[in-house]
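I hope they are handy while you have the coordinates open.

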Amino acid sequence: MILIHGVSAEQINMLPLSFLERSILNKKQNSPVVYRYDSLGALHFELKTRASIVEAAKALDASGADFADFDKSRCNEQFWTRMENGGFQLRSDVLPSDGINDIFRNGKRYAFECSMAIVMVLYKGILDILPKQTFNRHFQDIILYGWHYDRDLPLRKIESGLEVYPGDVQYFKNPDYDPETPEWQGENVVVLADNLYFGHGIGIRTSRGMIDALNKARRPFSYTSAYLMDEVVILEYELLRTLPLREERTETDNEDVVIAHIGSRKCSYPNR
């Protein structure tokens, strides 16, 4: 169920929502788990962002971007610099929003592996929700390399016991993968709907489809099946919604002075 102090269920149901947003809302309302929000705006922001991430995943799937391990990755060098480790670093003369958008507009000029794809999808989903200037201010100096991401991209990993919703990230593990193809030791995926996932390199499949694809990359004569791990990576939506508040304004000598926001120090989440 959803609880917001001072807000009734009727007010919640009056939110203007898309079909996907409404389905997420209904699932949360009918859940035995209690979901608490600070405001109606916080709930609305989460629903909109989840739907935006789903659309970003579908857009990346349709972009024509290829799957490749780090040794064979490629990028559009008008926007990104390919690093020695196979990751992509945003060029200093390119806005973060332009760099992310180019991946989705000119996908055929890119090739990368599945964990990088997930981070790209999250950035794109957020870019399409936040004001562009806010995105560009908070996500500077982007480096795309595996699960390497900016500190201002607030992610949390839950090991088990959490309900899963569209926009969440999960992992299909292939424990007996063929050592000749280590890139298929698993697949990072974005949840699109109940039992529907996007994973770069495999595409949009059901859980059975993901498992069948990974099972084809097992070591010879193996009968150990791939499986969906019981862990979820979720966005901290309220931290994301309040990103602009990290820039505090003060007045000195009758002039507005902007106090610098928290730096864009990088963080990482193991992708395997």
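**Notes on rings, charges and surface**

1. Let's begin with a charge over a ring: Lys124 places its charged end over the ring of Phe104, at 5.7 Å from the ring centre. Please keep in mind that this is a predicted model. A second case involves Lys27, which lies over the face of Tyr165, 4.8 Å from the ring centre.

2. Aromatic pairs deserve a look, as the structure holds nine of them. In one, the ring centres of Tyr35 and Tyr165 are 5.8 Å apart with planes at 80°, so this pair is edge-to-face. It joins distant parts of the chain, with Tyr35 in strand β2 and Tyr165 in the loop between β9 and β10, 130 residues apart. Tyr35 counts as buried at 11% relative accessibility, and Tyr165 is buried too, at 1%.

3. Another pair is Tyr123 with Phe135: their centres are 6.3 Å apart and their planes stand at 90°, so they are also edge-to-face. Here helix α5 supplies Tyr123 and helix α6 supplies Phe135, 12 residues apart. Tyr123 is buried at 0% relative accessibility, as is Phe135 at 0%.

4. Leaving out residues up to four places away in sequence, Ala51 touches Leu20 and Glu21.

5. Finally, the surface: Met1, Leu3 and Val34 make up a nonpolar patch with about 220 Å² of accessible area together. Met1 belongs to the segment before β1 and counts as partly exposed, at 39% relative accessibility.

How values were computed. Residues are numbered from 1 along each chain as its sequence is written. This is a predicted model: local features need pLDDT of at least 70, side-chain atom pairs count only at pLDDT 80 or more; totals for chains, interfaces and linings use all residues. Side-chain values use heavy atoms; hydrogens and water are left out. Patches are made of residues with over 30% relative accessible area and no salt bridge: like charges are joined within 9 Å, nonpolar side chains (Val, Leu, Ile, Met, Phe, Trp, Tyr) within 5 Å. Accessible areas come from the Shrake-Rupley method with a 1.4 Å probe; for residues, only the protein chains shown count as cover. A salt bridge is a side-chain nitrogen of Lys or Arg within 4 Å of a carboxyl oxygen of Asp or Glu. Helices (H or I, at least four residues) and strands (E, at least two) are DSSP runs, numbered from the N terminus. Buried means under 20% relative accessible area, exposed over 50%, partly exposed in between (1.4 Å probe, protein chains only). Contact means heavy atoms within 4.5 Å. Rings of Phe, Tyr and Trp (its six-membered ring) pair if their centres lie within 6.5 Å; planes under 30 degrees apart count as stacked, over 60 as edge-to-face and the rest as tilted. A charge sits over a ring if NZ of Lys or CZ of Arg is within 6 Å of the ring centre and within 35 degrees of the ring normal.
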